[in-house]
Amino acid sequence: MSTTTAPAAPLARTDGSEPAARPATLRIEGLSVAFGRTPVLGGVDLEAHSGEILGLIGETGSGKTTLARAVAGLAPVTAGRITVDGTDHGALRGRALRAARRAGTVQYMFQDPLRSLDPDLTVARLVGEPLAVAGVPRAEREERVREALDRVGLDPALTTRTPARLSGGQRQRVALARAVVGRPRLLLADEPVSALDASNRNHVLRLLDRLRRELDLAVVVISHDLDSLSGIADRIAVLYRGRIVEQGPARTVLEHPLHPYSALLGAAAPSLDPARRAALELLRTPAPGAPSIGGQDGSDPGGADRSACAFAHRCPFADQACAVRPDPLPATTPAGATACAASPPPGTPAPLPVVLPVGAPTGHTVACHHSPGWRARLPR
Amino acid sequence: MNALRTTLRVPLARVALAALGVVLLLALFGDRLAPMDPLAQDPSAILHNPGGGHLLGTDYLGRDVLSRLLAGTGLSVLAAAEAVAVAALLGVVPGLLSVRFGSTGSWLALRSVDALMTLPFTLFAIAAVGLLGNGLHQAMIALGVLLSPLFFRVVRAAALGLDRAQYVEAAELMGASRAWILRVHTWRKVLPTVAVTTAHALATSLLTVSSLTFLGIGVQPPAPTWGGMLASDLGFLAQQPWAPAVPTFLIMVTIGALNLLADVLADADRTDTAALGAPAGEPAGKTSGKKGALPTTTAGARTAGTEPSGGPHPPADDAALRVEGLHVTVGGGRTEAVRDVSFTVRPGEALGLVGESGSGKTLTCRSVLGLLAPGVAVSAGRITLGAAAPDAASGSPGAAEPAGPTGPAELTGLTDRAWQQVRGDRLGAVFQDPGSYLNPSLTVGRQLGEPLRLRLGLSRDEARRRAVELFEAVGLRDPQTVHDSYPHELSGGMLQRVLIAVAVSGDPGLLVADEATTALDTVVQAEVLDLLDGLRKRRGLALLLVSHDLAVVADVCDRILVFYAGEIVEEGPTAEVIARPAHPYTEALLQVASLGRRHRREPAVIPGRPPEPGTAGPGCRFADRCAYATPDCTGSGISLTPVGGSGGDGTRRVRCVRAEDLALTGAWGAGTPEAPGTTVTTPTAPHHRTEAPV
């Protein structure tokens, strides 16, 4: 176990279950994206390894879809590098880009299969289209379409149907089959389950979980729903206004979040847990002394290039220290040991987070001046 | 093509097609059918009336009118077709390609098209003929050029929309070429548009061919055409009315049939698109939904800000909504999608409807709102809205008495007009996609204030004040600014609050929330749920909440109805149902729902699929997916019966023959005794869970 101390250093393999020896399938370094003059992503560092599911969470406008689209080459990258299996994907243009796309290494699954699947085409043609575009001969194509449909557990009798005549869960499977038919290395799934009911949602989640193991696939799942990710994700990255505010092993991020925004997301999810109520009340009440930055209601997405902590205006623990943007730093304490950390009195400049080198979980980083001290103020 | 099949189902379309078929036959074989030589003149029989071997009489040169008419069809129709073919070629191809022209290319193409469109058909054709020499083909090419903008514009518009379609983007991500996208994805979508335009263009060009021949351009006498006959015989209208009247009639019929067909084709295309665009389970109903979401207001509407907390709570037996034996059919009455649903909602109570998609919860909810899509209907049952809440707690004692009736209202079989009254005053509703229920070109304050002014006769200032108060009551910060904002300036959560303000502006007794928080972010969802809960408590509002998310329902609702395959399978107080489900399906739902469980696990699923509507057998509809099924389960109908052990007051009901002998697992794990206090907030045994998530 090694501890990274340089703030901007790329993350080590996080889970602890596997050594960090294997190179990342997807490596994003310092990625910035802007639409016109509106920055959407500011300096994102992220990695996804083969066989791993990385969950990407955040609210509408946080930039999570843009992040995935940037990897797929659908967003205007202004800075940073995106490498997939060692190749710089961000630099591809024209013919090279088309060739890379035909190779099918990176697959992006749109949020709504009803819109991303051509309503006039049958399931067989939809799933076979990437192969047909890549020029795979018909006989081999049919074989691989059958294999892909089998892999996602779709009844072969459905191959002659059009998307309108499938259920929501079946449509999502068609989209998945189409994504894996070209044997990709990286799958980016944008809200793959948000439109499905619980049972179908779990079907698709299980499928993702199985596919990444069977195909040794790196999977990035975008979601605004923590619960759907919690079952399958190995690591979770929390995006707020174009910046990653926390990332680390799924269990730690979900159960002992070190960024107040991650905690807010967790507390806001509908749950039968009575304890979350009090936490939610605390977490969604901004501190009176917080620097006033940005619009209310998260309505201003243009926070990516601001010099302050983007969350400060909503943060219950914000103070003057938050007027400076925090860097993502390795988490400073083992999960669960937060109670002893003292919280700075409001109004006084807080000390920068203390890096505790011993026993800190690797790969868990958080961009918050008051982490983990703020956790002491959570209702017990 | 689907559009064609849909078209053929419309009787008028069949009439139009038949008429066009006859015209086509005449065009092909007319000259052979002509009883006489259409050019043969008979000086002895000039301008004869019908009879004596001339069925339609003779013209001013003694030629047989019927023969000329039949022989002239071919030339008239084929000429029109030629012009349309030229127009389609010149319009469709550039139209498709223009999407990729770049800004300069597009500008040039559009301006040329604009220029072409300013030219009058007849004058241009005369000029072209003067330039190219007089002849039918010259005239038709000229006409085709002038008609091409028609095709260009519609095809370009369609292609522009398609170019932004997600499946086109998906194809680009596969590395598909432009040609591939045009061939596989775009072309087929443009075809219906092209078909509609062709029918319109044919009509236009037939008319123009006729007027051109009337002017002596294109076809030269003595060759017969419909327009030519009209031109030459019109002067003799008084002596022989048949000669000009019959070609006029044929021209009218043909053009009428073409326009009719174009209209039906366009409609069919729209219907198809609508059917594809609507997510399964919530088809259409949008247009009428707008009415429902923008209710008008009664006199005596209370201002929310001045509301004393803990408003009036009428006696429990006085239901806010009572649904009895509701049956809903889909597919024009053929298939039963909701069977025998009965429940009540008491004032101030929150009732949750849960179930998988297609379980009938949404149809039930939409029946209550009177917002069923075409082809979906309430076939039996009663839906009764309770008496309007007494106005005792009104903060404005001087307010006028409510204008509408306040007694219980039967909702089944209401007229549209009566529905509007009910939706405005007694029933409010919020839906999943708030943006689509607001007019983008009006400020939200105006959309809330106008109905208030209309119904209450408020002045502009009073309406504004009341609207701002309502916005404040639904927790919108800075309500003055919100009042003057357009929908696009507000976030999804704010829009949903605006719609909630609209829904409660009439001070309804019942608020229906149909997946109202599904599209919202978690944090915003929690806020909106809190708001709904707060409104319920402050105003004694009954809440009917439909959601596919059991955790949402459990969070807000006092009681739950679990739907499966169109039936209620379990009903009871939320805490009891969750702690000790009585129906195996409820148990399965609890297993698959997240309910805030955050530990690593394999997500549970319910094997199999629910039966398609109308295919269920007589017995339990869940039997084939149920782990506890016995042969008894599928034999005969199973009724919803009160389940023992919970007071037996009839509020806990279950549709399962084995309900008494099964010990099912609840949200807190197996064998958990009933949660004391019967509220969700005091779980007895959270041993099942890992540490608190925060």
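Before reading any sheet, I noted that two strands pair if DSSP finds at least two bridges between them. Strands (E, at least two residues) and helices (H or I, at least four) are DSSP runs, numbered from the N terminus.

**Ground rules.** I am looking at a predicted model, where local features need pLDDT of at least 70 and side-chain atom pairs count only at pLDDT 80 or more, while totals for chains, interfaces and linings use all residues. Residues are numbered from 1 along each chain as its sequence is written, and chains are lettered from A, ligands numbered from 1, in the order in which they are written.

**Entry 1: the four-stranded sheet.** I found an open, antiparallel sheet of 4 strands in chain B, ordered β2-β1-β4-β5. Which strands stand at its edges? They are β2 (335-345) and β5 (409-410) of chain B; each has a single partner strand, so one side of each is left without a neighbour in the sheet. I then checked β4 (residues 377-385) of chain B, which runs antiparallel to β5(B) and is joined to it by 2 bridges. B:Leu385 has B:Ala409 of β5(B) as its bridge partner. Helix α12 (residues 361-369) of chain B lies across β1 (321-330), β2 and β4 of chain B, at about 115° to β1(B). For such angles, axes are lines fitted to C-alpha atoms, for helices over the stretch in contact, and angles run from 0 to 180 degrees between N-to-C directions.

**Entry 2: the eight-stranded sheet.** Chain B also has an open sheet of 8 strands with mixed pairing, in the order β6-β7-β8-β3-β9-β10-β12-β11. Its edges are β6 (427-430) and β11 (641-642) of chain B, each with a single partner strand, so one side of each lacks a neighbour in the sheet. Inside this order I followed β7 (residues 510-514) and β8 (residues 542-546) of chain B, which pair in the parallel sense over 5 bridges. There, B:Ala513 has B:Leu545 of β8(B) as its bridge partner. Helix α21(B) packs on the sheet, touching β3 (350-354), β9 (559-564) and β10 (567-573) of chain B, and its direction makes about 100° with that of β9(B).

**Entry 3: two crossing helices.** How do α14(B) and α15(B) meet? The axes of α14 (residues 444-456) and α15 (residues 460-473) of chain B come within 9 Å and cross at roughly 125°. The two helices are therefore oblique to each other (under 35 degrees is roughly parallel, over 145 roughly antiparallel, 65 to 115 roughly perpendicular, and the rest oblique). Among the residues making the contact are B:Leu448 and B:Leu452 of α14(B), and B:Ala463 and B:Leu470 of α15(B). Contact here means C-beta atoms, placed from the backbone, within 7 Å.

**Entry 4: where the chains touch.** I found 58 residues of chain B in contact with 62 residues of chain A. Helices of chain B that each supply at least two residues to that side include α7 (166-173) and α8 (178-214).

**Entry 5: a helix of chain A.** In α4 (residues 123-134) of chain A, the buried residues include A:Val123, A:Leu126 and A:Leu131 (buried means 20 or more other C-beta atoms within 10 Å of a residue's own, with C-beta atoms placed from the backbone). Their cover includes α7 and α8 of chain B. Just after α4(A), A:Gly135 takes a positive phi of about 85°.

Key
Two residues are in contact if their C-beta atoms, placed from the backbone, lie within 7 Å. A residue is buried if 20 or more other C-beta atoms lie within 10 Å of its own, exposed if 12 or fewer, and partly exposed in between; C-beta atoms are placed from the backbone.
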